[in-house]
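Biologist: Please show me the chain, and then we can go through the terms used for it.

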Amino acid sequence: MKSLARLAGFWWASVAIAAAQSEHPVANIFKPQATPADSVYHLSLLVLSVCATIFAIVAGLLAFTIVKFRRIANDENEPPQVYGSNRIEMAWTVIPVLIVFVLTMATARVVIAIQNKPVPKDALHVTVVGHQWWWEIRYPDLGIVTANELHVPVNTADRPAFAFLTLQSADVAHSFWVPQLAGKTDVIPNRTNTMWIDPRVTGTFLGNCAEYCGMQHANMLLRVIVQPQADFERWAAGEMTAAGSQARGRAAFLSLSCVNCHTVSGTSAAGTFGPDLSHLMGRTTLASGMIPNTAENLRAWVKDPQVIKPGNFMPNMQLNAPELDAVVSYLSSLK
Ligand code: CUA
């Protein structure tokens, strides 16, 4: 009975997910809307036509043979037995080798053309980090950090737009795939891969992780929201506000090992090894009375606590400047 209820639960969940996804067109490799997807589409037509031709020839010969050489009633004679034929063996070795060679070369040409595309100076740089089971999306030049929904401007003749994607993984291998915009690109731990998109129509494009990465691989969905330039700028400006900085700092704080030692009430940070930071701004000093609690001192402390208080147990978290600003902005909001 219990398992029946669970089954019903799974069924309901899948119906709900399907309903949530159906508001957008299904990801379709046959409707490319960006240059890398065009290349993949044309290559797939070549591969499909070669495969269809092979299938037609093999299936045709098979059907012909079955009909032509079928057993005739009352004919007990064995047909002539043929052993070996150099000509046929040559043919079935050389022809497939040639076909594979052509397909390999055609694929290599597409891969190289996409990979070697020069990055325009004014390209929008986006870092996409695959996690189990979500996508972290960072715009390093804009100081924006978001997740699962990648916003990019539309590429038009009078306003060219080009988004250059740096793909990294925080844990296991994933694969970035938005079929209408670009082919699959693996997202691999300790390796940086790249991809780019220049979508020519606005709208929402569905993507999915395309490399099995654990239990929720199928639900590692991704949306690319292609907007007119002005809308994209408005979105980016909204993300870049002070509140955005605090939110980014909070996200960074909670994603770093800060949470193992510090508590901030109302968050997942529940460590007790270091001081509780829930009301950090209510205190007048930092580092147990060593320095006044000012924004500058807080920044210096977070940057490298070992400079101010050598030997203390808080490590240098190696934050870069924007991360540092964001974390300090978050800590400064803890009143
Ligand atoms: Cu991530 Cu599959």
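**Terms and the values behind them**

Modeller: In this predicted model, a hairpin of three residues connects β6 to β7.

Biologist: What makes β6 and β7 count as paired strands?

Modeller: Pairing requires at least two bridges between the strands. Four bridges join β6 (residues 174-178) to β7, so the two strands pair. They run antiparallel, and V178 stands opposite A182 in β7.

Biologist: Which residues line the largest cavity, and how much space lies in it?

Modeller: The lining consists of I29, A37, V40, W177, P179, A182 and G183. The elements giving two or more residues to that lining are α2 (35-68) and β7 (182-187). About 30 Å³ of space lies in the cavity, and the structure holds one cavity of 30 Å³ or more.

Biologist: Why are α2 and α3 called roughly antiparallel?

Modeller: Angles over 145 degrees count as roughly antiparallel. The axes of α2 and α3 (residues 86-115) cross at roughly 175°, so the two helices are roughly antiparallel to each other. Their axes come within 10 Å. On α2 the contact is made by P36, S39, L43, L46, V47, V50 and I54; on α3 it is made by I99, L103, A106, T107, V110 and I114.

Biologist: How many residues of each class are in that contact?

Modeller: The contact of α2 with α3 has 11 nonpolar, two polar and no charged residues.

Methods: Residues numbered from 1 in each chain as written. Predicted model: local features only at pLDDT ≥ 70, side-chain atom pairs only at ≥ 80, totals over all residues. Heavy atoms only, no water. 1 Å grid on protein atoms, 1.4 Å probe; cavity = no way out; pocket = protein on both sides within 12 Å on 5 of 7 lines; lining within 4 Å. Points joined across faces, edges and corners; volume = space filled by probe spheres on them. Axes fitted to C-alpha atoms, helices over the stretch in contact; angles between N-to-C directions. Parallel < 35°, antiparallel > 145°, perpendicular 65-115°, else oblique. Contact = heavy atoms within 4.5 Å. Nonpolar A, V, L, I, M, F, W, Y, C, P; charged D, E, K, R; others polar.
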